[in-house]
Amino acid sequence: MTIPIWVYAVVVGIVISALMAIKTGREERLLEMENIEKEGEIYLTRLEEEKERRATAE
């Protein structure tokens with residue numbers, strides 16, 4: 001029993017597509033974590049500024 005060449009091409013395409021999806025998902029997760037860290041730093045900076053402002057006002 002012989003398998004047509006197009007079947008191999010379809011299987012290779014599915015594998016490549018899956019690998020690209022995994023790679024893209026990983027990159028998006030890393031970018032999201034970087035953004036979350038930056039937002040956290042901004043928030044903490046604002047909290048520190050507010051503490052200083054309140055300390056000088058008293």
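Start by selecting E50 and R54: their side chains meet in a salt bridge, 3.2 Å from N to O. A salt bridge here is a side-chain nitrogen of Lys or Arg within 4 Å of a carboxyl oxygen of Asp or Glu. The model is predicted; local features need pLDDT of at least 70, side-chain atom pairs count only at pLDDT 80 or more, and totals for chains, interfaces and linings use all residues. Residues are numbered from 1 along each chain as its sequence is written, and side-chain values use heavy atoms, with hydrogens and water left out.

**Stop 1: around E50**

Keep E50 and R54 on screen. Both lie in helix α1, 4 residues apart, about one turn of the helix. Helices are DSSP runs (H or I, at least four residues), strands likewise (E, at least two), numbered from the N terminus.

Together, E50, R53 and R54 are linked in a network of salt bridges. How many salt bridges does a search of the whole structure find? The search finds 2.

Switch to a surface view. R54 counts as exposed because its relative accessibility is 55%. E50 has 28% relative accessibility, so E50 counts as partly exposed. The classes are buried (under 20% relative accessible area), exposed (over 50%) and partly exposed (in between), with a 1.4 Å probe and protein chains only.

**Stop 2**

Select T45, in helix α1. With a relative accessible area of 43%, T45 is partly exposed. Draw a distance from T45 to A55. These residues are 10 apart along the chain, and their C-alpha atoms are separated by 15 Å.

Next, pick G40, also placed in helix α1. G40 is partly exposed, at 28% relative accessibility.

**Stop 2**

Go to W6, in helix α1, which runs over residues 5-57. Buried or exposed? W6 counts as exposed, at 57% relative accessibility.

Accessible areas come from the Shrake-Rupley method with a 1.4 Å probe; for residues, only the protein chains shown count as cover.

**Stop 3: the whole chain**

Zoom out. The secondary structure comes to 1 helix and 0 strands. The radius of gyration is 25 Å, well over the 10 Å that the globule rule gives for 58 residues, so the protein chain is more spread out than a compact globule. That radius is taken over C-alpha atoms, and the rule is 2.2 Å times the number of residues to the power 0.38. Along its principal axes, the C-alpha trace spans about 90 × 10 × 5 Å.

Color by accessibility. Of the 58 residues, 0% count as buried. The chain exposes about 5800 Å², and carbon and sulfur atoms supply 64% of that area.
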